[in-house]
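Subject: Handover of a protein structure

Dear colleague,

Please find below the structure that I am handing over to you. My notes on what was found in it follow directly after.

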Amino acid sequence: MDEERTHPDVGALLRVLREQAGQQTGDVDIHRAEFIQRVKAQVEAELDDPRTRPNLTAIVRGLRQQIGHMTDQVRFQDVGTVQHIGSGVATLSGLPSASTDELVTFPTGVQGLILNLDHARLDVILLGPDAGIQGGDLVTATGQRVQIPVGHQILGRVVNPLGVPLDDRNPVQATDAHFLEQEAPDIIERAPVNEPLHTGVKVVDALFPIGRGQRELILGDRQVGKTTLAVDAILNQRNSDIPCVYVTIGQKKSTVLSVIETLRHRGALAYTTVVIASPEDPPALRYLAPYAGCTIAEFFMHEGRDVLIVYDDLSKHADAYRELSLLLRRPPGREAYPGDIFYLHARLLERACKLHPDRGGGSLTALPIVETKRGNLSAYIPTNLISITDGQIVFDTALFNQGIKPAIDVGLSVSRVGGKAQTEAMRAVTSELKLELSQYAEVSRFARFGTEVDQATRRQIQRGKRLQTVLTQPAHQPLSLAAQVVILWAASENILDDVPIDEVGDFERGWQNQIRTRHPELIQQIQEEGRLPPPIRQALRDAVTEYRQEWLKERNEA
């Protein structure tokens, strides 16, 4: 090296550093060895930079002083040995001081999470690929638990369950790092759920209102619109200052990319964090994904904000945990799931709540999704989640095939919070709606078999069909509270009873456009106050009378 000839002191120092670094073995002087390697790299970098060469003498003097002050020391560290590795699970021996949920590090740099402890061995799930790990490799304990970065900067990002960005952008500049596993708030720390969280979907906000802090289960067979409903709920929070977290577990990449593109196109990705655990990921990441998303959401809840989180879906989460449990040789139970499968989801969903004002008054609203097989609601995982949550929205495949979307079964769906989380205006226009739809579903069964029905029953069937048509809604077009109230008010006032069923949709769109363009003050007042006082009702009657006359005139001319 030319610089060694030009600066003899530096050349001698580099030779000494290389010799000392090469002589370090075992656990003795490990700090000095690391320091010497770092110093060597620093000096060589200084030599390569022409701008720093005049300061080399001072650098050499300072390095000699630091090396002279270093002392030898012995450091002990717990290590284990890989006994068996495969399918994302490793069996280790050693690590006598290890604890459950502690992280360990393999020689390849991949970390693992301890789940099983035995007197002679321990089982670890890998948080990365197992390539390069072999039996006999040494594993070191870290004494740490799994953490994920949280903060405002994580909004608008797509990350994996460990907080690693997947969107080809810079690393997340986190405010803090929180543990994935957190205790749910105590009952004293909670407050009643009484504020609405509007989804923008008429049938949900009208019949099964969701409150801030509620856990509302969405279940149904595959490809019937469950994810669409959850995404619409996220889209509807655009102007409500509610951050959202969308957790996808084991979903196809094409489906996930479609959801991300929808959020980006509608401007919802800016206030949403997407946590992805794909089918190709190790089962450990699919197992940790919902807890990671919940930890991200809790950061905002403890700031006093209202948060919405979607778990899509927990049936695949349960399958990932079943896979891990069988690999860990845990005793299988019903449907081969382990005995603690109920606790798996209970400890997750109990973290969703409305906090007491003394605790900040924030809330975390959870929309878990679960897939059923052939509409079987009595399967193991669906029944577990139904018993944990505060209500369920059930999708029906037959309704979906008839073109009724969202294909929600009004008879099987329920919200256990109900009208307590509903605005006064919405409650006023939907008080009889669910009863009328239930009666329509009952009498329509008899009409299918050709049973003779009287005139009153026929009118009831026709009205039920119109109400069902009113509650249909295109995907990814959520409506504001005022827009929903205006059309549902028209249905409750029997204004649609003489409109042909196949023209109800056109009448609804025209009526909404009329009230939005000619009477924006009514829309604004309903949106801000959430009430329908007599003056507003009268103004709506005058407006709809005017619109009906124009609509009938255009229809007759056509």
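Helices (H or I, at least four residues) and strands (E, at least two) are taken as DSSP runs and numbered from the N terminus. On that basis the protein has 19 helices and 16 strands. This is a predicted model, in which local features need pLDDT of at least 70 and side-chain atom pairs count only at pLDDT 80 or more, while totals for chains, interfaces and linings use all residues. Residues are numbered from 1 along each chain as its sequence is written, and side-chain values use heavy atoms, with hydrogens and water left out.

Overall figures

Of the 558 residues, 51% count as buried (buried means under 20% relative accessible area, exposed over 50%, partly exposed in between, with a 1.4 Å probe and protein chains only). The protein exposes about 26500 Å² (Shrake-Rupley method, 1.4 Å probe), and carbon and sulfur atoms supply 49% of that area. Among contacts (heavy atoms within 4.5 Å) with a separation of 6 or more, 72% are between residues 24 or more positions apart.

The sheet

Strands are said to pair if DSSP finds at least two bridges between them.

Strand 14 deserves a separate paragraph. Strand 13 (residues 306–312) runs parallel to strand 14 (residues 363–371) and is joined to it by 7 bridges. Within this pairing, L308 stands opposite T365 and Y311 stands opposite P368. Strand 10 also pairs with strand 14 in the parallel sense, over 3 bridges, and G220 stands opposite E371. Because 9 of the 9 residues of strand 14 are buried, the strand is largely enclosed by the rest of the structure. In a regular strand the side chains alternate between the two faces of the sheet. Here S363, T365, L367, I369 and E371 point one way, and L364, A366, P368 and V370 the other.

Individual residues

T273 lies in strand 12 and is buried, with a relative accessible area of 0%. A polar atom of the T273 side chain lies 2.9 Å from the backbone oxygen of I154. Beyond its neighbours within four places in sequence, T273 is in contact with residues including I154, V159, C244 and I296.

P357, by contrast, is exposed at 60% relative accessible area. P357 is found in the loop between helix 10 (341–349) and strand 14. P357 and E189 are 168 residues apart in sequence, yet 8.7 Å apart in space, C-alpha to C-alpha.

Cysteines

How many disulfides are there? With a disulfide taken as a pair of cysteine sulfur atoms within 2.5 Å, the count comes to 0. The sulfur of C294 has its closest cysteine sulfur in C353, 9.2 Å away, which is too far for a bond. C294 counts as buried at 0% relative accessibility, and C353 counts as buried at 2%.

Yours sincerely

Notes
Polar contact = N/O pair within 3.5 Å; in protein donor to acceptor, adjacent residues only side chain to side chain.
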